Amino acid sequence: MSEVIIYHNPRCSKSRQTLALLEENGVEPQIRKYLEDAPSADELRQVLSQLGITARQLLRNKEAEYKENGLDDTSLSEAQIIDVMTRVPKLIERPIVIKGDQARIGRPPESVLEIL
């Protein structure tokens, strides 16, 4: 069975709910506190591939850092957006659950059950 990893922010209610849901289903995931241990650009590209979405779709566009980093500029490349997310991981949507070659964003938390 593949290891399950959760990109987790303990201060986020959806992240806490998703972690609890995993545990209720007998899954003890590897917890990655991504705000303290930011993913590299390569890791983010891999996660985006597993999610099947673009970097822009993974952005938290309501955060002040979104505008502060000029992310409202629609001409930014995928690489430029990923670069900002590695430097400001708060901008990464959460939580992300990864198992094998698949990943899901825990919004709603139940969506992660699809890959278990």
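Strand 3 and strand 4 (residues 102-105) run antiparallel and are joined by 4 bridges. Strands pair if DSSP finds at least two bridges between them. Strands (E, at least two residues) and helices (H or I, at least four) are DSSP runs, numbered from the N terminus. The model is predicted, so local features need pLDDT of at least 70 and side-chain atom pairs count only at pLDDT 80 or more, while totals for chains, interfaces and linings use all residues. Residues are numbered from 1 along each chain as its sequence is written, and side-chain values use heavy atoms, with hydrogens and water left out.

Ile-98 stands opposite Ala-103 in strand 4. The hairpin of strand 3 and strand 4 has 2 residues between the strands. Within this hairpin, Gly-100 takes a positive phi near 60 degrees. Strand 3 is also joined to strand 1 by 4 bridges, and these two strands run antiparallel. Tyr-7 has Ile-96 of strand 3 as its bridge partner.

Both faces of strand 3 are covered. Ile-96 and Ile-98 are buried on one side, Val-97 and Lys-99 on the other. Buried means under 20% relative accessible area, exposed over 50% and partly exposed in between (1.4 Å probe, protein chains only).

Helix 1 comprises 12 residues (13-24). At 1.5 Å a residue, times one less than the number of residues, the helix should span 16 Å; its end C-alpha atoms are 16 Å apart, which agrees. Its buried residues are Ser-15, Thr-18, Leu-19, Leu-21 and Leu-22. They lie on the same side of helix 1, because they cover an arc of only 160 degrees around the axis. The arc is taken over directions from the helix axis to the C-beta atoms. These buried residues pack against strand 1 (4-7), strand 2 (30-32) and strand 3 (96-99), with contact meaning heavy atoms within 4.5 Å. Just after helix 1, Gly-26 takes a positive phi of about 80 degrees.
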